[in-house]
Amino acid sequence: MNLVRCEDLKKYFSGKARIVKALDGVSLEIEKGSFFGLVGESGCGKTTLGKIILGIMRQDYGRVILETKKAQVVFQDPYNSLDPKMKIFDILAEGLIARESFIVNRLSSDMKRKVEEILDLIKLPKEALDKYPHQFSGGERQRIAIGRAVLTKPEFIVCDEPVSSLDVTIQLQILNLLKDIQKKLGITCLFISHDLKVIKFICDKVAVMFRGKIVETGSVRDIYSSPAHSYTKALLKAASYDNMKNYGREYL
Amino acid sequence: MRDLVRNRMALAALVFILAVLVFAILAPLLAGYDPASTDPGSILTAPSREHIFGTDRLGRDIFSRIVYGARISLAIGFIAVGIASLIGVFIGSIAGYYGGKIDYMLMRFVDIMLCFPTIFLILAVISLLEPSVTNIMVIIGATGWMGIARLVRAEVLTLKERDFVSAAKVMGAKDSRIIARHIIPNAIGPVLVSATLGVGGAILTESALSFLGIGVQPPTPSWGNILMDGRSTLGVAWWLTVFPGLFILFTVLSYNILGEALRDTFEPRLKE
Amino acid sequence: MNILEVKNLKIYFNVPDGIVKAVDDVSFNIEKGKVFGLVGESGSGKTLTALSILKLISWPGIIAGGSIIFNGTDLLRLDEENLRGIRGSKISIVFQEPASSFNPVFTIGQQIVETIINHQGVDGNKAKDLALECLHRMHINETRRVFHNYPHQLSGGTKQRAMIAMALANSPELVILDEPTTALDVTIQAQILDLLEEIIEKEKLSILFISHDFGIVSRMCGHIAVMHRGKIVEAGATKQVLNDPRNDYTASLLKSVKALT
């Protein structure tokens with residue numbers, strides 16, 4: 001069954017002299033429980049699509065059908081996605097009280113227990129709860145962001161380039177954490193990235209975007225082994241450029 | 001905090017500010033005399049061991065008056081700035097967060113307020129109402145919030161684009177929660193700077209008003225009205241002008257220096 | 001023979017909490033006509049090492065020791081005037097962010113012409129011709145348009161080509177490439193790497209290639225050194241380091257990289 005469906009989404013931005021078609025008629029379906037990848041280069045519209053699906057941005061045309069009220073997000077920049085003035089405990093617990101009036105800040109012991117449980121999942125020590133974001137590394141902050149997203153037991157998470165600003169060993173850690181979460185909680189995920197390798201590692205299906213349109217959709221296996229669209233082919237060729245099978249230059 | 005300690009001048013300023021604060025709080029203990037009690041026998045006496053800052057035309061001890069005057073001047077400074085900050089933060093956040101027509105209307109209101117020469121506005125209002133300490137606090141505060149509003153609005157404009165705000169929206173947080181819990185705590189930095197500098201400004205304004213006779217009314221002492229007394233006797237009794245003048249000068253200077261030092265601590269924190 | 005010899009380079013940072021040894025006794029040699037890669041994760045010290053070659057380290061960082069021998073001269077002991085003569089002509093550098101390497105208020109052409117005039121002493125017209133020729137060599141289409149454009153009017157890929165053109169304008173002996181493709185889209189990355197390969201071969205340049213990406217480095221470099229926390233943990237022929245790493249850190253790093261391929 002489809003958890004998310006987009007029908008002919010269009011979004012325009014008025015630039016200096018012309019109109020930018022960030023999304024030019026995008027339709028897709030995300031099956032419940034799957035990790036759906038959205039890949040494309042900068043400016044293709046993938047982040048805009050993510051924001052519209054989440055409701056942070058309004059589309060100009062078309063509709064988004066979400067069969068769930070429980071959606072969460074993980075952003076790219078770990079230095080920007082956590083409120084620098086809040087303690088980690090409050091950051092993690094925010095999802096539990098976000099819908100209350102802003103005066104409410106007391107947390108029940110039940111909530112406290114949930115926060116501590118999440119710490120196990122994201123592998124951070126209990127002492128972390130009293131600290132502030134700037135005391136943590138990029139990878140740790142990203143884990144906190146994931147913890148925050150998962151704590152409210154959402155059905156759907158949008159990850160927008162969650163590992164792009166991390167070192168490769170940390171990338172692997174975070175991706176494994178996400179895989180772990182998928183297995184344990186069965187969450188549906190829209191995974192946005194420009195990095196084909198990362199999408200291959202974690203997604204089941206993938207849609208390739210170019211200039212506001214989806215040019216190809218399919219299972220990761222199919223698309224990566226036999227791409228149909230010329231842009232997909234170009235993208236794969238460029239990415240395989242550094243497959244480490246061609247060793248450096250030996251000049252005379 | 002460490003940067004502040006390292007900056008010697010800022011440290012000196014902070015020490016002076018705290019000293020004046022202590023003076024004001026402990027006024028009853030420090031003052032040797034009742035600031036209102038007159039002593040016809042010691043009119044206009046120069047600084048001596050009994051009256052370390054001398055006496056005025058009515059024989060009142062200047063030092064005691066200055067120490068009690070500190071209470072008034074500081075209180076006006078803090079509360080006026082407090083009022084200005086509250087108004088400024090409120091208007092600035094609403095304008096910055098909602099944008100569009102609301103932003104436009106509020107900012108035009110700010111522009112209109114800025115068109116008035118503050119001193120004349122205050123003069124006009126004070127002449128209509130009576131110049132009580134409360135009125136002075138309120139009017140200085142009500143005419144000094146515009147700068148803070150603009151600063152806060154600028155901060156809010158950048159803050160609302162940050163990912164942690166988007167994340168909160170996705171979690172279902174209402175605007176009021178986002179503004180109160182995420183936006184304002186992060187926008188406070190420049191407000192603190194502005195407020196510190198503002199205290200100096202408020203003290204100066206109050207001193208000017210009192211000096212002109214429309215501020216704090218005698219016999220309640222304020223640094224400004226002590227100066228006023230000293231106007232006519234400048235050649236003869238320099239202590240009536242010099243001491244309150246020095247206090248005003250150094251207090252305002254200290255708040256300015258502290259404000260600048262705070263600005264240095266907050267400004268470079270652009271990218272971690 | 002070696003075109004560059006870095007010996008015991010130390011770059012320290014004076015921060016409130018103490019001294020950070022960002023580069024801690026690093027030594028390596030670059031052979032003339034070869035491409036040498038410096039690989040490492042963020043914070044390993046590779047960019048600082050590259051910047052120190054042209055003494056571009058600014059406070060609170062200081063070059064605390066070591067020597068960098070270029071054509072027999074120790075660059076770290078050279079005075080500012082002589083160093084300026086070398087920067088941009090004998091040794092040039094291409095940075096990661098094409099957007100911030102160009103001055104936004106001058107056109108591309110003006111900036112390339114300026115460096116040509118500074119180092120080659122030719123007149124304005126000749127410099128303009130040379131600049132256009134440089135741009136053309138980078139396979140930039142519409143060289144005249146690009147010449148008269150401001151940086152913000154160009155795409156990332158074109159800007160990077162222009163940056164490379166500027167770096168090569170004065171026929172340098174050594175070119176330092178600091179993550180030259182990291183900020184670019186993957187299809188553009190491939191194009192720029194193709195371009196670099198072609199130029200390196202044609203002009204027989206000596207290159208110091210800095211990157212965090214093992215894939216790119218494996219393609220471009222014959223020899224590499226792996227940096228970790230300010231030290232070189234392993235160095236050698238690319239093929240050997242990648243297939244048979246001797247150091248634990250290198251091995252685990254490569255394991256992660258290969259897991260994602």
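The crossing of helix 2 and helix 12 of chain B is left-handed, meaning that the near helix is turned anticlockwise from the far one by less than a right angle. This is a predicted model, in which local features need pLDDT of at least 70, side-chain atom pairs count only at pLDDT 80 or more, and totals for chains, interfaces and linings use all residues. Residues are numbered from 1 along each chain as its sequence is written, and chains are lettered from A in the order in which they are written.

The axes of these two helices come within 8 Å and cross at roughly 130 degrees. Axes are lines fitted to C-alpha atoms, for helices over the stretch in contact, and angles run from 0 to 180 degrees between N-to-C directions. Helices (H or I, at least four residues) and strands (E, at least two) are DSSP runs, numbered from the N terminus.

The contact (C-beta atoms, placed from the backbone, within 7 Å) involves these residues:

| Helix of chain B | Residue range | Contact residues |
|---|---|---|
| Helix 2 | 8-25 | B:M9, B:A10, B:A13, B:L14, B:F16, B:I17, B:V20 |
| Helix 12 | 239-266 | B:F250, B:T251, B:S254, B:Y255, B:I257, B:L258, B:A261 |

Chain A holds an open sheet of 6 strands in the order 5-6-7-3-8-9, with mixed pairing. Strand 5 (71-74) and strand 9 (213-219) each have a single partner strand, so one side of each is left without a neighbour in the sheet. The twist averages 15 degrees from one strand to the next.

Strand 5 of chain A pairs with strand 6 (residues 156-160) of chain A in the parallel sense over 4 bridges; pairing takes at least two DSSP bridges. A:A71 stands opposite A:F156. Helix 4 (residues 138-151) of chain A lies across both strands, at about 180 degrees to strand 5 of chain A.

Key
Contact = placed C-beta atoms within 7 Å.
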